[in-house]
Amino acid sequence: MSIVKRNGINFRELVLVDKIKECDDIISFYFKDKDNKALTKHKPGQFLPFQIQTEDPKYKGVMRTYSLSMVPNENMYRISVKKIENGLISSYLHDNLEIGDIIEAMEPAGVFTIKESSKNRPLVLISAGIGITPLLSMLYEESKKRDNIYFVQAVQNSLIHPFKNDVLMICKYKNLSNTVFYSNPLKDDKEGIDYDFTGRINKEWIRNNLPLDGDFYFCGPPAFMKALKSNLIDLGVKEESIYYELFS
C-alpha cells in the first residue's frame, strides 16, 4: 500500500524514477506513486511536503517542502533542488537519494498560485535563482491558455542558469516575452546571445518593459523580493497585484 500513517498524518510513498542535473548546483528529482496509482494534481506554484525514508536519526522525521516545478499532472511529480552548503536534506537528496529510493510525501500544498483575478490581466512572472521553480510550473500551465505572459529570469551566469532551454522553448513556441539578466556573467557569456542584460532588474527597466497594469508573481532571495516589491510600489503597481513566496 502506498499510503502510510505517521503521527495521525497520511503520507504517500513515492519512488524516485529519475534524477537530472539542471545546472551546476541544481538537480531535478522525478517521483511516481510507489504502486503506480494516480497522484493528486497540484496547482501551479504549490509545493510538496515530504520526509526521507530512513532509519538514520539525523534525518528521521525531518520535513522539507520544495516547489513542484513541472506541468500539473496525475502521473509524476518533479522537484528541483539547489544544494545548500551544510543543508541537511538538500545534501542528502543530491548525494544519497538514488533511483528506486522512497520518500514519504503529503499532498501538494501552498497558496502561491495564480489568482482568479489574474485571469484577464497581463501576467508577469519574475524569478531569481532557484526561485524559478514555482514560476516555471505557472508558465507551463498558463502558456496553454494565454499569450499575455512576461517571463523574467535573473541568475548570476550560464553556469547556474536553471531551465534555460525549457523557458526558451515555451516562450518561443508560444511567442511570449522572455528576458534573462546575468548579474555576474562569465567571460564566455555573450550579452544579446546567451542572455539579454547584464546587471540586476531595476526600476527603469521595469517601467520601460513590463505592463504596470498586470499582476506580478515573483520568487527568489529575500533581498531580491524586497527590492522588487519596493520598485513595483514606487511605479504605481497596486499591492493587490503583487504576489510572492519566501523560501524558508
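A word on the basis. This is a predicted model, in which local features need pLDDT of at least 70, side-chain atom pairs count only at pLDDT 80 or more, and totals for chains, interfaces and linings use all residues. Residues are numbered from 1 along each chain as its sequence is written, and side-chain values use heavy atoms, with hydrogens and water left out.

Cysteines, then. Take Cys-171. Its closest cysteine sulfur is in Cys-219, 18 Å away, so that is too far for a bond. Now Cys-219. The closest cysteine sulfur to Cys-219 sits in Cys-23, at 15 Å, again too far for a bond.

Are these two buried or exposed? Buried means under 20% relative accessible area, exposed over 50%, and partly exposed in between, with a 1.4 Å probe and protein chains only. Cys-171 is buried at 3%. Cys-219 is buried at 0%.

On to the backbone. Most residues other than glycine have a negative phi. Asn-36 has a positive one, near 60 degrees. Where is Asn-36? In the loop between strand S3 (26-33) and strand S4 (47-52). Helices (H or I, at least four residues) and strands (E, at least two) are DSSP runs, numbered from the N terminus. Asn-36 is exposed, at 58% relative accessible area.

Next, Asn-175. Its phi is positive too, about 60 degrees. Asn-175 lies in the loop between helix H3 (164-174) and strand S10 (177-182). Asn-175 is exposed, at 67%.

Notes
A disulfide is a pair of cysteine sulfur atoms within 2.5 Å.
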